[in-house]
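Please look at the sequence and the model below before reading on.

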Amino acid sequence: MAETTTRTQNATDPRQPTGWARLPIIPGPWETLLAVWRRLRKMSTALVLLFSLAIASIVATFIPQAPLVPDTVANWRAGTAGPGAPIARMFDAAGLFDVFGSWWFTTLTVLLVVSLTGCLIPRYRAFWRNVRRPPAAGRNLERLSNHTVLRTTLDPTAALAVVDGLLARRRFRRRAIDVTTTRSGREQIAAERGHWREGGNLLFHTAFYVLLIGVAVAQAFGFAGQINVVEGGTFTDTRIVYGNVRAGRYFGIDDHRGFQVRLDDFDASYHANGTPDDFVSTVSIIEDGDVVRSGVRVRPNHPLRHDGMKLYQLRFGMAPHVIVKAGDTVLFDDRVMLGNSGGVWTGTAKVKTSSPDQIALDLALLPDFAVDDRGRPFSRSEQPDAPVLFADLWVGELGLERAVDASRFIREGEPVAGTTLVPGGTSDPLLANLTVEFADLPLWSGFQVSHAPGRWTMLAGSVLLLVGLISSLYGYRRRVWVEAHRTDDGMTTVVVAGVALQRKVVFADAFAALVAAVRTALPTEAGAAAQETTMTDAHHG
Amino acid sequence: MRTMADLSNTLFFVALGAYIAAMVAAFFAMAFTRVAVDGRMAPTVTGRRMGVTVTVLAATGLAAHVGSVVARGVAADRVPWANMYEYSSVMALVAVAGGLLVVQWRMGFGHLMGFVLAAAVLMMSAGAMLFVPAGPTVPALESYWLKIHVTAMVSASAIFILAAVATVLYLARDAGERRLADRSGQRYTAGTVGAASIDVTEREHAPAAVSSPLELRRVLSPVWFVVAPAAFFFVWGLMKYDVVRGTSMAPVGALLGVAAWYALPYLPPAAQLDNLAYRITAFALPIFTFAIVCGAIWAEEAWGRYWGWDPKETGSFFTWVLYAAYLHARATYGWRGRRAAWVGLSAFVALMVTYFAVNLVVVGLHSYAT
């Protein structure tokens with residue numbers, strides 16, 4: 001109470017002489033907050049925020065985004081691509097390499113949500129009020145832009161009952177107005193329709209909250225990781241096997257299902273012109289040592305669903321089976337997954353990681369070997385029709401014991417020896433008694449494994465959004481009143497009138513159709529044409 | 001299937017030729033139209049014949065175009081809108097069909113056909129430059145979602161073209177009407193300026209200007225109508241291709257600009273154009289929204305995430321936000337009218353940038369253009 005009193009005193013201080021210029025009031029934190037809130041509730045603010053969102057997304061379209069293309073971003077930062085390192089540093093400071101993860105994008109989103117909420121709350125209130133309020137009585141119907149006067153032999157009550165039926169069929173909400181309350185003292189029906197416009201509008205905007213919840217759930221409880229596996233190989237669904245992991249805060253290591261996936265076969269087929277036709281991984285699922293599903297085909301657009309996880313066909317490659325022997329001792333026997341770099345499949349095999357004399361192989365594979373006019377080897381197609389493997393042998397202190405990517409071992413000078421192999425081939429002894437064998441050429445397949453909760457929430461949000469959008473664009477509020485009274489000649493005069501708040505041109509047509517129906521339904525004196533006067537403004541065009 | 005592919009290509013150029021001829025005829029039809037002071041228009045005998053010629057030529061082109069698309073589908077044995085050439089072609093097809101059936105026939109704005117056809121011709125020419133022989137697509141596109149997502153997207157884009165045509169012409173006509181009203185010292189009513197409250201009855205649509213619409217050409221200098229589109233087309237060509245193509249596209253822009261200036265008196269009043277643009281956009285936006293939602297579902301199916309801010313996804317989000325802003329702007333006092341129209345136009349530019357630039361310039365998951 002005390003506070004209220006003080007505030008009142010401040011507003012009209014009796015001690016202050018009137019007519020004095022008041023000093024500008026310095027807004028306190030509460031006033032500032034209130035001003036910001038008022039500003040946020042304005043439609044023009046929402047528009048500015050929407051534009052800012054649009055501009056942010058242009059930026060994200062044309063500046064490479066670190067979460068999508070990390071290599072390009074690294075090049076921009078190093079200055080080897082893009083506008084140069086100093087500008088890249090400025091971009092970094094402004095978070096332009098990760099727009100959708102930047103603090104200002106989050107701020108923008110939060111402001112939009114606050115603005116949306118500020119706009120919605122009063123509109124919900126008004127909508128609730130309007131929907132519950134029965135249709136209001138009409139006055140001076142003859143002055144409305146859409147009105148028609150008809151004459152019928154029915155008595156007023158019966159005539160209104162007929163029209164009431166017609167309005168009911170048109171799904172109007174109707175109310176019979178008490179004769180004593182109408183100014184004209186005539187019987188009246190007030191009808192109303194089209195709350196779906198505002199309802200749809202609110203639904204559309206509310207759908208954004210549903211979408212936001214979906215995004216939040218996916219962020220918090222989702223998981224995505226990638227894994228490559230060679231034909232015949234198996235992986236277990238555990239955190240450590242995956243690369244490029246994106247895990248939500250609440251998707252813990254224990255949440256992995258622990259089932260095993262075995263790649264039984266991978267098949268890439270091509271059209272006659274060399275373009276890819278289909279990539280199919282055939283996998284089996286093993287739980288607790290038992291094969292629970294087998295022969296499952298995973299293809300692009302056809303992921304495998306198992307136990308809440310989804311397995312997508314992502315990429316594939318060549319994995320030559322390489323055996324390295326020193327005399328009869330097998331030093332290395334594995335299938336090496338190669339990556340495609342411009343038509344050549346390359347990779348590294350760590351043969352012997354213990355010092356001294358570490359051994360590594362640089363591998364390059366041409367799947368469809370041929371030699372061009374100038375004597376240089378190339379691959380005719382992507383299909384392994386005539387695979388040839390080139391192996392360079394490195395021996396010495398290669399740094400293979402370090403925890404870095406195998407391909408980055410230390411290469412000083414020239415490789416010790418090189419050899420060219422076809423499947424089934426074994427090299428001559430390269431260094432002392434070392435031989436390299438290219439046993440055969442299986443393929444490897446790369447999968448994305450993900451758990452994406454909140455998908456149904458997103459879908460529901462999208463459907464609400466669409467339904468809301470359509471009904472807010474096409475719905476329109478309109479009111480129709482029908483009044484009837486007995487005239488001196490014993491006939492009944494019926495006045496039909498209506499207004500629309502939106503889409504007035506469409507309403508004019510609908511009103512004309514309603515009048516036509518009323519005219520047909522109301523009996524007139526036999527032989528006499530229905531006398532009427534019509535005034536429909538929107539019919540000039 | 002070779003013959004089917006050839007047939008498709010031949011019909012494509014037949015359609016293109018018919019559209020160009022129809023477009024020229026449409027501008028001739030304007031020349032043979034008398035305009036009264038109150039804005040009423042009456043074609044001369046030649047004008048009426050020209051009008052029929054436009055319809056016949058456009059319909060013939062449309063038939064050939066449908067044949068081209070169907071033959072392409074048979075040749076490739078899939079839905080014929082899976083690369084940029086095909087997509088551009090179908091977009092032009094839907095735009096012409098919409099122009100003919102809705103804008104001309106249903107709404108009766110026949111004088112807009114020349115511009116609708118011009119937009120279709122531009123779209124087809126851009127598509128022809130990205131021609132690829134009919135063939136199967138990459139495995140990533142082999143899904144029934146291709147039918148749903150891309151069909152919805154191509155329809156929405158085509159309908160947005162119609163809206164953009166109406167918006168550009170609105171901006172031109174509105175500038176003229178304002179200038180006329182200023183000259184004659186009238187205060188304009190809510191009808192002309194800001195034309196465009198969402199619902200105005202026909203009476204409010206009537207132009208406030210009392211001068212003859214032919215005066216519109218006098219009060220607006222043709223210079224800007226040449227310079228601005230020429231510059232726009234130059235920059236567009238420069239960004240998309242190179243200086244040579246940019247320079248060769250500039251005259252096309254200039255020609256279209258002159259055509260718009262010439263057409264000023266024959267266009268419907270600004271308020272009607274604005275209302276037309278709004279109604280078309282309001283029709284296309286739910287389809288566009290549906291297309292984006294389908295795209296998200298497909299992305300979930302194909303790539304394991306429904307939204308990853310891939311350049312195409314970002315671009316379509318951006319376009320959607322701008323169209324949403326257009327609808328809001330039209331409902332906001334102080335924004336409706338010209339400001340809202342500029343928002344709508346920028347949304348259309350965003351749509352085109354998302355379509356062309358993101359496919360051709362930026363590398364992303366949707367870069368299946370060629």
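## Chain B as a whole

In this predicted model, chain B has 370 residues, and 60% of them count as buried. The chain exposes about 14800 Å², and carbon and sulfur atoms supply 70% of that area.

The secondary structure of chain B consists of 12 helices and 2 strands. Along the sequence these elements follow the pattern α-β-β-α-α-α-α-α-α-α-α-α-α-α. Taking the contacts in chain B between residues at least 6 apart in sequence, 79% join residues at least 24 apart.

## A nonpolar patch on chain B

A nonpolar patch on the surface is formed by B:Phe234, B:Val235, B:Leu238, B:Met239 and B:Val243. Together these residues have about 430 Å² of accessible area. Helix 8 of chain B, residues 222-240, gives the most to the patch, with 4 residues.

## Two packed helices in chain A

Helix 4 (residues 70-78) and helix 5 (residues 85-93) of chain A pack with their axes 6 Å apart, at an angle of about 120°. Helix 4 of chain A is therefore oblique to helix 5 of chain A. On the side of helix 4 of chain A, the contact is made by A:Trp76, A:Arg77 and A:Ala78. Helix 5 of chain A contributes A:Ala85, A:Ala88, A:Phe91 and A:Asp92 to the contact.

A:Ser57 sits in helix 3 of chain A, which covers residues 43-62. Its relative accessibility is 0%, so A:Ser57 counts as buried. Leaving aside residues up to four places away in sequence, A:Ser57 touches A:Phe100 in chain A and B:Thr314, B:Phe317 and B:Phe318 in chain B.

## Salt bridges

Over all chains, the structure holds 24 salt bridges. In one of them, A:Glu192 pairs with A:Arg479, and the closest N and O atoms are 3.2 Å apart. A:Glu192 lies in strand 3 (residues 187-193) of chain A and A:Arg479 in strand 24 (residues 478-486) of chain A, so the pair ties together parts that are 287 residues apart in sequence. A:Glu192 is buried, at 2% relative accessible area, whereas A:Arg479 is partly exposed, at 26%.

In chain B, the side chains of B:Arg78 and B:Glu86 meet in a salt bridge with an N to O distance of 3.1 Å. B:Arg78 and B:Glu86 are both buried. Another salt bridge joins B:Arg178 to B:Asp174, at 2.8 Å from N to O. B:Arg178 and B:Asp174 both belong to helix 5 (residues 144-183) of chain B, where they are 4 residues apart, about one turn of the helix. B:Arg178 is partly exposed at 22% relative accessibility, while B:Asp174 is buried at 1%. Salt bridges with shared partners also join A:Glu192, A:Arg477 and A:Arg479 into one network.

## Positive phi values in two loops

A:Asp307 is not a glycine, yet its phi is positive, at about 50°. A:Asp307 lies in the loop between strand 10 (304-306) and strand 11 (309-318) of chain A, and is partly exposed, with a relative accessible area of 42%.

B:Trp309, also a residue other than glycine, has a positive phi near 50°. The loop that holds B:Trp309 runs between helix 10 (270-303) and helix 11 (311-330) of chain B. At 24% relative accessibility, B:Trp309 counts as partly exposed.

Note on methods
Residues are numbered from 1 along each chain as its sequence is written. Chains are lettered from A and ligands numbered from 1 in the order in which they are written. This is a predicted model: local features need pLDDT of at least 70, side-chain atom pairs count only at pLDDT 80 or more; totals for chains, interfaces and linings use all residues. Side-chain values use heavy atoms; hydrogens and water are left out. Patches are made of residues with over 30% relative accessible area and no salt bridge: like charges are joined within 9 Å, nonpolar side chains (Val, Leu, Ile, Met, Phe, Trp, Tyr) within 5 Å. Accessible areas come from the Shrake-Rupley method with a 1.4 Å probe; for residues, only the protein chains shown count as cover. A salt bridge is a side-chain nitrogen of Lys or Arg within 4 Å of a carboxyl oxygen of Asp or Glu. Axes are lines fitted to C-alpha atoms, for helices over the stretch in contact, and angles run from 0 to 180 degrees between N-to-C directions. Angles under 35 degrees count as roughly parallel, over 145 as roughly antiparallel, 65 to 115 as roughly perpendicular and the rest as oblique. Contact means heavy atoms within 4.5 Å. Buried means under 20% relative accessible area, exposed over 50%, partly exposed in between (1.4 Å probe, protein chains only).
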